[in-house]
Amino acid sequence: MNNMSFYETISKNAKTVETKLSEKLDLIKSDGAYEKYSVLEESMRYSLMAGGKRLRPCLVIEFAKLFGAPDNACLDYACSIEMIHTFSLIHDDMPCMDNDELRRGKPTNHIVFGDATALLAGDALIAYAFETIEGEMLSDRQNLLASKALSRHTGVCGMCAGQQIDLQSEGLKIDVETLETLHAKKTGALIKCACILGCIAAGKLQGCREYEDACTYAEKIGLAFQIADDILDVSGDEAKLGKKCGSDEKEEKNTYVTLFGIDKAKSMALSLCNEAKEVIGKYEGSEFLCELADFIVNRDN
């Protein structure tokens, strides 16, 4: 797969998901009382439709395709995980968390709509994600497994746990094991969940080789993604990072750069990328996923 076709695939998947997300948001307007709380839907839409790479829904789509799911069968799953990811960004940017003013080059949600509405928009996106994941193209069992996966990787054993570790580690020196746990949950959990949702859509369930290889791939690229973010925060530009650079140092956060330095961090990200490609590259049709691993660690180029 050449670079042009890789980026075309990224763009195609993003457009497909964004069309579906917009349709889902439009459904809210059919509620008879919509006009009384329309600002809430506007706040949800502001962040959900703000663009970005749509990496997580792309992973859902590509794993579903790799393992033989029917075309578009996984779109509800893809939309659901993007809603969860967006809620996490809204809350993460708020003054009580990272206190960021920019996200994807635009003022953050709470800057535009106020703290209270931003908080509610995030809450509403969580609920709407679980309503959305109950799609009609897949079986009830698949939808149940997908809901359980999304809940586990979002909640107290997943992303929220990682965020808590991050908050309580600010200003403290933590060991490598704690840092790995932090990022495996805060960043890696939703990336892993995306790959799992794609497998579920294709009927590849826990215990089978394809599912386990997808999880291993996800764990590798999830950590590589975070290391690349740490590097970009120090040496990259804000357009690629999607928010102001230098925020990790300002908030006294533990990162792979602060623990190992930029050169070692780059080496670690590259090793993880190669390991991810090795585990998934044995499957026919996995070229895009291999190039995606490269893309994740080379965003600063």
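Accessible areas were computed by the Shrake-Rupley method with a 1.4 Å probe; for residues, only the protein chains shown count as cover. On this basis the protein chain exposes about 13600 Å² of surface, of which 51% belongs to carbon and sulfur atoms. The model is predicted: local features need pLDDT of at least 70, side-chain atom pairs count only at pLDDT 80 or more, and totals for chains, interfaces and linings use all residues. Residues are numbered from 1 along each chain as its sequence is written, and side-chain values use heavy atoms, with hydrogens and water left out.

The protein chain has 301 residues, and 53% of them are buried (under 20% relative accessible area, with a 1.4 Å probe and protein chains only). Its C-alpha atoms fill a box of roughly 55 × 45 × 35 Å along the principal axes. Of the contacts (heavy atoms within 4.5 Å) with a separation of 6 or more, 73% join residues 24 or more positions apart.

The secondary structure comprises 16 helices and 2 strands. These are DSSP runs, numbered from the N terminus: helices are H or I with at least four residues, strands E with at least two.

One cavity of 30 Å³ or more is present. A cavity is a set of points on a 1 Å grid over the protein atoms alone where a 1.4 Å probe fits but cannot get out; lining residues have an atom within 4 Å of a point. The largest cavity has a volume of about 100 Å³, the volume being the space filled by probe spheres set on the points. Its lining includes Y46, D93 and R103. At least two lining residues come from each of α2 (38-48), α4 (75-92) and β2 (106-107).

Definitions and conventions
On a 1 Å grid over the protein atoms alone, a cavity is a set of points where a 1.4 Å probe fits but cannot get out, and a pocket is an open set with protein on both sides within 12 Å along at least five of seven lines; lining residues have an atom within 4 Å of a point. Buried means under 20% relative accessible area, exposed over 50%, partly exposed in between (1.4 Å probe, protein chains only).
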